[in-house]
Amino acid sequence: MTLLIEPDLGTPPSTGVDLVTVEVDGTSVDVPQGTSVMRAAAIAGFAVPKLCATDTLDAFGSCRLCLVEIEGRPGTPASCTTPVTPGMRVTTESPRLQRLRRGVMELYISDHPLDCLTCPANGDCELQDMAGVVGLRDVRYGYAGENHLDAPIDTSNPYFDFDASKCIVCSRCVRACDDIQGTFALTISGRGFDSKVSPGVHEPFFDSECVSCGACVQVCPTSTLQEKTVIEIGVPTRTVLTTCAYCGVGCSFKAELKGNQVVRMVPYKDGGANEGHSCVKGRFAWGYATHAERITKPMVREKTSDPWREVSWEEAIAFAADGFKRIQAEHGRDSIGGITSSRCTNEEVFVLQKMIRAGFHNNNVDTCARVCHSPTGYGLKTTLGTSAGTQAFSSVEKADVILVIGANPTDGHPVFASRMKRRLRQGAQLVVIDPRLIDLVRSPHIEATHHLPLLPGSNVAVINAMAHVVVTEDLVDREFVRDRCEDFDVWAEFVARPENSPEAAATVSGVDPQELRAAARLYASAANAAIYYGLGVTEHSQGSTMVIGLANLAMATGNLGREGVGVNPLRGQNNVQGSCDMGSFPHELSGYRHLSDVVARTMFEERWGVDIDPEPGLRIPNMLSAAVDGTFRGLFIQGEDIAQSDPNTQHVTAALDNMDLVVLQDLFLNETSKYAHVFLPGTSFLEKDGTFTNAERRINRVRPVMSPVPGKDEWQVACDLAHAMGYEMGYTDASQIMDEIAAVTPTFAGVSFEMLDRLGGVQWPCNDIAPEGTPTMHVDGFVRGKGRFVETPFVATDERTTRKFPLILTTGRILTQYNVGAQTRRTPNVAWHPEDVLEIHPSDAEMRGVSTGDRVRLESRIGATTLHAVVSERVPLGVVYTTFHHPTTGANVVTTEYSDWATNCPEYKVTAVQVSPATRELTADEAMARADISAVATPVGP
Amino acid sequence: MTGLVQDVLRMGNQISAQFRHLPGPDAASAVANHISLFWESRLQDDLFALVDDGDLDLDPILVDAVARLRTV
């Protein structure tokens, strides 16, 4: 497609329902009440000149370029701030208006560099466009007067420059930062002629509160805020619509290119998940796709101590297949398996699990969702009937009370966090349940009504206590429960017991009972209350129990089945939902149908022409333990660095080291590749053709911007390996895979590439009943029929603090980095987060003689690492916190083997540790051993 | 004790603890059902072996669940 220029109607759509008829330049148009004259004119086909207005921001009325004449009204009102009225007759062009607009433009241009031909925004500048539209031919004031042409350029941000000499002070950037992003990092300082955009208090962008979401750059009508890539490369000439490959928000982006070179990624206004907004990762941190360390040729080696040897695809596939067949011949059919990746498309995941079930002839397939949201699948299926969140992201705009638990959206899911903050600024109330003082607890114009800083490991005690308040204070939605749920009485009797009271919970959670009671009342009394949760819920020994507890609470208060409510998992990776949907778990086929479902299994057997084992296969942790035992000896890993991301690194590496064959498909050599025998180069999201399914069940198209750099799509590699193992798949195009997914998966029955290209992203279920998808689940009834209340007794984790390990370590993410950092560490994002650090409470730090910046030793019963300390009251007494983005830190060296009782999701969030001043830095050899290996680095890409 | 057997003992006892609130037969039945739905056969075999060996660390509910699994 040529460059996609999205129409800008000047002001946002009105939420008015009644239509108003107006006449613009003689053309009649019907628009919703409350629509601006500017927008009505644009809809009628008459674009009113504008500079400070754009339809992603509320009207501001400062530039005075959009003046119009309205019959019967004096003067020339600004069309952006004037709402239509019935029968209004508007004139957008007249000699008077033209004279006025030229006068406005003269003033702007008298203080603007006249360097259009060499300006980075040449051809993509609204000021330039408007000068042309108003017919500016001269500036009567000349250019010698006082001006801002010598204003310095701020190049401090790694991704964009701020050239104040080109600023027209339209405030679009300030308003975007305030209204869209919600960070309030920018302001207009000074008055009159001295007015200028200022990050923070006259700070460089990099040093300010700016989170580099790019909203300001996107709305800037000139080249004042400009992507460095545009400055370096030039303006793009064509667009490919695709989907971000970072978090589970799944933002739609316009990949803007010149030839085959990506110039910039611009968030797509019509993207249902993000509606034109972005974060620093999706907007800017895509350079890893062409990083010099990318591996583009298949490699093999007999032993992991051997150097890698580049080989042809044919040799690599034969090497892997021969190895897998040999292992199965010697150790049995179940001695090999594979892991699918949430960073891959639905099509790639579906084909890989099919390769394992049909080509390996076993069910030893699992997915990296095992270590993040597998409890969501178990908990929501048990209570509501399906393994997915209940709402669209837009639903939060109708929430009156928002309960955020075990999630840090401003860092982990920033684009959704911006939506949430907008709703909070409108007056919705917020309850945060989290050990840490996350940004949502208190940030500009946001303050949680209640923050319950529970101790890690006490989630279930707290949610039971909230349910206790709901039941004992008669806050139950009796009608909802009676009509739509079952097993309520047993559950209600359970939560009403004294041991589930807030006062009892306080002994294990540390949460003030009165504050908890108030939070529960607030949630239960709201017209619409919505729950949003993350890995702070799932990555516990009672992760599944906690998800059930959240569903219980929502059902008891009637907060399901409409907009503004629901139970909403915030998925970590772009395709966690999809990888689970596609039958990646060892016990179920696509669409969450258990292997024991004879009808479903038979359907797959007939279609695939193989027998499928009706017994579940091994989960990832079990594969690793079986490898230590020697009964599991070969593993295919699709895009996951388990040696860095999975808990108890020593156990993981011992298991990998014990296997006869490890085949890794990835972009870069990583911690896991140290133990691999075959490396198959993978494709970045810029090369993939397929779909991702985000946390709101939205199936979005991922379209290739360039050909697969390694020469093969990842699904083709799985087909080739299956073929070499004796099973034919025979797809020639990714759309055929989606067609098969739709044919065998009831919730995807109506989905095809053609349909997605036509409608944009759709939310499953998408079938005959809901041909355009289902934004809100469980509207007229639950997927399982009646919503099921399930008792959730609190069982403390076996991981306990001791005199030797008196602190609790909990882990999480930071905004600028992503998971194990394989992508973000290969971008300028490292400028913000060059290393993982340990947050420690001032009292705990003082007791240990630790100050900010000190190197400290972090030790658990499993292992130890060292990292720098940051003394901070963001963590409570007795709790320390770190991230796991850098292999040199290796946070999972200290995490344990404990996991969720139902799903084996690791208990990353609770590890008993000790912190002490480090007696020495890591040696160079130790640091090297932890660092990514890039022994074979092949420059790729344009 | 290493590898899967260690997992099996920990996981089996953990599951039993989650269903302990249920009346006796129901608890064992729930544990057996969970293991049947989600455990690969070599985990179940290791669990059976632990019971046969009379491992004293096994939760009684788990032992009862194994008896039920063996009748399936």
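The largest pocket is lined by 43 residues, and those lying nearest its centre are Pro12(A), Pro13(A), Asp55(A), Thr56(A) and Arg422(A). A pocket here is an open set of points on a 1 Å grid over the protein atoms alone, with protein on both sides within 12 Å along at least five of seven lines, whereas a cavity is a set of points where a 1.4 Å probe fits but cannot get out, and lining residues have an atom within 4 Å of a point. This is a predicted model, in which local features need pLDDT of at least 70 and side-chain atom pairs count only at pLDDT 80 or more, while totals for chains, interfaces and linings use all residues. Residues are numbered from 1 along each chain as its sequence is written, chains are lettered from A and ligands numbered from 1 in the order in which they are written, and side-chain values use heavy atoms, with hydrogens and water left out.

**Pockets and cavities**

Helix H4 (172-181), helix H5 (215-219) and helix H12 (414-425) of chain A each supply at least two residues of the largest pocket's lining, and H12(A) gives the most, with six residues. Helices (H or I, at least four residues) and strands (E, at least two) are DSSP runs, numbered from the N terminus.

The second largest pocket is lined by 42 residues, the closest to its centre being Ile5(A), Glu6(A), Asp8(A), Asp124(A) and Glu126(A). Among the elements that give two or more residues to the lining of this second pocket are helix H1 (37-44), H5 and strand S9 (225-227) of chain A, but H3(A) gives the most, with four residues.

A search of the whole structure finds seven cavities of 30 Å³ or more. Nearest the centre of the largest cavity lie Leu535(A), Glu539(A), Thr811(A), Gly812(A) and Lys909(A), and helix H11 (409-412), helix H18 (535-538) and strand S34 (807-812) of chain A each supply at least two residues of its lining. The second largest cavity has 18 lining residues, of which Arg343(A), Asp666(A), Leu667(A), Thr683(A) and Lys688(A) lie nearest its centre.

The table sets these spaces side by side. For the volumes, grid points are joined across faces, edges and corners, and a volume is the space filled by probe spheres set on the points. For the classes, Ala, Val, Leu, Ile, Met, Phe, Trp, Tyr, Cys and Pro count as nonpolar, Asp, Glu, Lys and Arg as charged, and the others, Gly among them, as polar.

| Space | Volume | Lining by class |
|---|---|---|
| Largest pocket | about 1,400 Å³ | 15 nonpolar, 15 polar and 13 charged residues |
| Second largest pocket | about 1,000 Å³ | 22 nonpolar, seven polar and 13 charged residues |
| Largest cavity | about 700 Å³ | 18 nonpolar, 19 polar and nine charged residues |
| Second largest cavity | about 180 Å³ | seven nonpolar, seven polar and four charged residues |

**Salt bridges**

A salt bridge is a side-chain nitrogen of Lys or Arg within 4 Å of a carboxyl oxygen of Asp or Glu, and by this rule the count over all chains comes to 64. One network of salt bridges links Glu6(A), Asp124(A), Glu227(A), Lys254(A), Glu256(A), Arg264(A) and Arg283(A).

The side chains of Glu473(A) and Arg517(A) form another salt bridge, at 3.1 Å from N to O. Glu473(A) lies in the loop between helix H13 (459-472) and helix H14 (478-484) of chain A and Arg517(A) in helix H17 (residues 513-525) of chain A, so this pair ties together parts that are 44 residues apart in sequence. Burial is judged by relative accessible area (buried under 20%, exposed over 50%, partly exposed in between, with a 1.4 Å probe and protein chains only). Glu473(A), at 27%, counts as partly exposed, whereas Arg517(A), at 14%, counts as buried.

Lys688(A) and Glu714(A) also form a salt bridge, their closest N and O atoms being 3.1 Å apart. Here Lys688(A) sits in the loop between strand S29 (678-681) and strand S30 (690-693) of chain A, while Glu714(A) belongs to helix H25 (residues 714-724) of chain A, 26 residues apart. Both Lys688(A) and Glu714(A) are buried.

**Helix H25 and the two chains**

Besides Glu714(A), the buried residues of H25(A) include Trp715(A), Val717(A) and Leu721(A). Helix H8 (313-331), helix H9 (346-360) and S29 of chain A are among the elements that cover the buried residues of H25(A).

Between the chains, 30 residues of chain A are in contact (heavy atoms within 4.5 Å) with 23 residues of chain B. Chain A and chain B bury about 2,200 Å² between them, 53% of it on carbon and sulfur atoms, where buried area is the accessible area (1.4 Å probe) that two parts lose on being put together, summed over both. The count of salt bridges between chain A and chain B is zero.
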